[in-house]
Amino acid sequence: MELLVATHNQHKKIEIQQILGKEFTVKSLTNYGIYDEIVEDGHSFEDNALIKARFCYEKTGIPSLGDDSGLVVEALDGRPGIYSARYAGNHDFEKNIAKVLLELEGQKNRKAFFTTVLCYYDQNGPKFFEGIINGNILEENRGHKGFGYDPVFVPDGYKITFAEMSPKDKNQISHRKRAMDKFLEFL
Ligand code: IMP
């Protein structure tokens, strides 16, 4: 079965191909010569995942997968949420972390979670799969692995941040993995 993933990111494509195995041929937008910018102007992770998956399906008729992820901080009323990638600077991880830490200064409640919402779109319309990992936000960065908010996020049950974990360990418990597991179960 062929699956179109709504991304130009080849790493994301390869990661999904590895998870799904040989029964699936995973393609990216680039493989289809689609270079349109998909405008993610939804108001929720679900909206944005749907926008991406529906765009791909309507353009190609191939079953498509869209995803949207982010960090949700309890004491910040859910921010940065859907704005995680561009909270202070566009894909500027250091600035984005600095803004979250500043907003949390003096705050005792450090609870947060990462979420991934996947939207699978085919002739039957959309289906959604969510993965979540709960944890806490530190007061300063620790570790250099990973990306995004990894250096300040300690998952529940652990003493180290995502950025101090091996990618293998992170990928076993991550929000992305949990959402993919649900999608796999559905398939
Ligand atoms: P995307 O939807 O996968 O592109 O994720 C959007 C943004 O959420 C990223 O740019 C990061 O800032 C943040 N994010 C998502 N997943 C992770 C993660 O596993 N670790 C750290 N930050 C993440």
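Colleague: Which residue stands opposite S64 in β4?

Modeller: Y121 in β4 stands opposite S64. Before we go on, note what you are looking at. This is a predicted model, with residues numbered from 1 along each chain as its sequence is written. Local features need pLDDT of at least 70, side-chain atom pairs count only at pLDDT 80 or more, totals for chains, interfaces and linings use all residues, and side-chain values use heavy atoms, with hydrogens and water left out.

Colleague: In what sense do β3 and β4 pair?

Modeller: First, the general idea. Two strands pair if DSSP finds at least two bridges between them. Here, β3 pairs with strand β4 (residues 111-122) in the antiparallel sense, over 10 bridges. Strand β1 (residues 2-5) also pairs with β3, but in the parallel sense, over two bridges. There, S64 of β3 is the bridge partner of L4.

Colleague: How many bridges join β1 to β2?

Modeller: Four bridges join them, and the two strands run parallel. In β2, T25 is the bridge partner of E2.

Colleague: How many helices and strands does the protein chain have?

Modeller: Learn the terms first. Helices (H or I, at least four residues) and strands (E, at least two) are DSSP runs, numbered from the N terminus. The protein chain has five helices and six strands. From the N terminus on, they follow the order β-α-β-α-β-α-β-β-β-α-α. The radius of gyration is 17 Å, close to the 16 Å of the globule rule for 187 residues, so the chain is as compact as a globular protein of that length. That radius is taken over C-alpha atoms, and the rule is 2.2 Å times the number of residues to the power 0.38. Along the principal axes, the C-alpha atoms fill a box of roughly 50 × 30 × 25 Å.

Colleague: What share of the 187 residues is buried?

Modeller: Cut-offs come first. Buried means under 20% relative accessible area, exposed over 50%, and partly exposed in between (1.4 Å probe, protein chains only). Buried residues make up 45% of the 187 residues. Now take strand β3 (residues 64-73). Nine of its 10 residues are buried, so the strand is largely enclosed by the rest of the structure.

Colleague: Which residues form the covered face of strand β2?

Modeller: Start with the rule. In a regular strand the side chains alternate between the two faces of the sheet. In strand β2 (residues 25-28), V26 and S28 make the covered face. T25 and K27 make the uncovered one.

Colleague: Where does I14 lie?

Modeller: I14 lies in helix α1 (residues 10-20). At 43% relative accessibility, I14 counts as partly exposed. The C-alpha atoms of I14 and S28 are separated by 9.4 Å, and the two residues are 14 apart along the chain.

Colleague: Is G106 buried or exposed?

Modeller: G106 is exposed, at 79% relative accessibility. Find G106 in the loop between α3 (93-103) and β4. The C-alpha atoms of G106 and E139 are separated by 9.4 Å, and 33 residues along the chain separate the pair.

Colleague: Which residues does Y158 touch, not counting residues up to four places away in sequence?

Modeller: Contact means heavy atoms within 4.5 Å. By that test, Y158 touches M165 and I173. Y158 sits in the loop between β6 (153-155) and α4 (167-173). With a relative accessible area of 40%, Y158 is partly exposed.

Colleague: How many positive and negative side chains does the protein chain have?

Modeller: Lys and Arg count as positive, Asp and Glu as negative; His and the chain ends are not counted. Each charge is placed at NZ of Lys, CZ of Arg, CG of Asp or CD of Glu. The chain has 24 positive and 28 negative side chains, and the centres of the two sets lie 3 Å apart.
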